[in-house]
Amino acid sequence: MIDENKITFTTQGGDGNEWALDQTLLCVKKNLISATNWRFVNSITFSNIVIFGWYSGYLELKHLITKNKLVICLLDNDSEKVYPEIFLSRDAKRVDIWLTHSSREKEKLRSHNMNAFIMPNYIKDKSNSSKNINEEDFQKYLYPLISFKKQNPGSKIIISIQRDSSFINGDWLPKEQKNPKYLLDLYKRAYCLKNPYILALTGARRHWLVRELEALDLPYIYLGDKPSKEDDYLKKVPRDIILRIIKECDFSIVTSSWEGGPLSISESLEVGRLCFSTEVGLANDILSKKLLLTGNLNEDISLIQNLIEKKIVFDNAYNETFKKYNHFVNIDLSIFIQYILNNLKYKNSNIFIILLMGLIPLDFCFSKIELIIMKMIRRIKTNYLLGKILKKIFSIF
């Protein structure tokens, strides 16, 4: 019989840059801490359950996974588009549980006899935090919105927070996945038709869209430091400020061609704002059909205009969306936890190691060793023999 109070888990394999990948991994961690008595540890070595933020992160650390550990992997993107190898790969078969953003991906994996559940996807609303935003951030991120609303009381603000640009061959080009060309086409047509909204942008890698908006002389609100020629990949807007930005706007928008989530839809709903979105990721699971963009320019222009101008359309979309969202947000959490308990390959730790951990912070030390190994693996192609050696060493613990 497993003593649930002794179960340990760790989260690994994010990209370490606080993008949506890391935020999603953090959501899963917080949900498990609040829903169980399991203890979070920093290292793979001293964990019973290892949760990876994405498949690539799992591949980097697979040689540290011993046979007694239960492996969980978050599917951060469209499986057929981004990770087709998981359906055939030998490495993917070692993953015990897959966590998906959407029911569509969940059913896709289950059709291949893979154990899949909807990942816990709760985002705590920090926008009303007692911690005040500093004056510099207020002026950069919130004041332009407040000022615009005072001067244009009849207009709505639609915020786009997804990075739209890729730096290829010395130039900033539209990122294929995020499909900013369609966002630009929508806004260009809406502006010609005098639709009552303005587009707001924030976040890193907005180079292409900013350039195009300015070339077309289209009005927009930019929140933060405008992009220059250089890559601003690491100049991310803090998540608590993003939530406050979304809350200060009227709607958000996603025009992606494919997605895992995206996180921006959940963030919008968490602060009470509706999101227009193409039918990607979890959009169908949590949004009203009145918010779903079809890809037909004229239809989508009408859809946005109707929702902005007709209160009854807005109210119906709002009520339907939040009913779906509240039902979906942790829909699989309890059965996911029970599945883990039923399949945990529990192994008692060596008594010597337990005693030693009381004297030396072994968990912390091993987490640093594992990080070094991961960085080495990123630089060299790990061979089969090295993998066997690493597994042998880490199985001692």
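**Briefing: helices, cavity and pocket in a predicted model**

Helix H6, which spans residues 135-151, bends by about 50 degrees at Leu-142, with a proline, Pro-144, following within four residues. The bend at a residue is the angle between axes fitted to the seven residues ending there and the seven starting there. This is a predicted model, in which local features need pLDDT of at least 70 and side-chain atom pairs count only at pLDDT 80 or more, while totals for chains, interfaces and linings use all residues. Residues are numbered from 1 along each chain as its sequence is written, and side-chain values use heavy atoms, with hydrogens and water left out.

**Overall composition**

- The protein chain comprises 17 helices and 14 strands; these are DSSP runs numbered from the N terminus (helices H or I, at least four residues; strands E, at least two).
- Of the 397 residues in the protein chain, 52% are buried, where buried means under 20% relative accessible area, exposed over 50% and partly exposed in between (1.4 Å probe, protein chains only).
- Among contacts with a separation of 6 or more, 68% are between residues 24 or more positions apart; contact means heavy atoms within 4.5 Å.

- Asp-137, Tyr-141, Leu-142, Leu-145, Ser-147 and Phe-148 are the buried residues of H6, and they pack against strands E7 (156-160), E10 (197-202) and E11 (220-223) and against helix H9 (239-248).
- A side-chain oxygen of Asn-134, at the start of H6, reaches to within 3.2 Å of the backbone nitrogen of Glu-136.
- Helix H8 (residues 207-215) has His-207, Trp-208, Leu-209, Val-210 and Leu-213 buried, and the elements covering them include strand E8 (165-168), strand E9 (171-174), H7, E10 and E11.

**Cavity and pocket**

- The structure contains one cavity of 30 Å³ or more, and the volume of the largest cavity is about 70 Å³.
- On a 1 Å grid over the protein atoms alone, a cavity is a set of points where a 1.4 Å probe fits but cannot get out, a pocket is an open set with protein on both sides within 12 Å along at least five of seven lines, and lining residues have an atom within 4 Å of a point.
- Grid points are joined across faces, edges and corners, and a volume is the space filled by probe spheres set on the points.
- Residues lining the largest cavity include Ser-160, Lys-178, Leu-209 and Thr-255; helix H7 (180-192) and strand E12 (251-254) are the elements giving two or more residues to this lining.
- The largest pocket has a volume of about 850 Å³ and a lining of 39 residues, of which Trp-19, Ala-20, Leu-21, Arg-163 and Lys-178 lie nearest its centre.
- At least two residues of the pocket lining come from each of helix H1 (20-35), strand E4 (70-75), H9 and helix H10 (263-270).

- Ser-256 lies in the loop between E12 and H10 and counts as buried because its relative accessibility is 2%.
- The side chains of Ser-256 and Glu-259 make a polar contact of 2.7 Å; the term denotes a pair of N or O atoms within 3.5 Å, where within protein one must be able to donate a hydrogen and the other to accept it, and residues adjacent in sequence count only if both atoms are side-chain atoms.
- Beyond its neighbours within four places in sequence, Ser-256 contacts Gln-162, Gln-177, Lys-178, Asn-179, Thr-278 and Val-280.
- Lys-311, in helix H13 (residues 311-328), is exposed, with a relative accessible area of 61%, and its side chain makes a polar contact of 2.7 Å with that of Asp-315.
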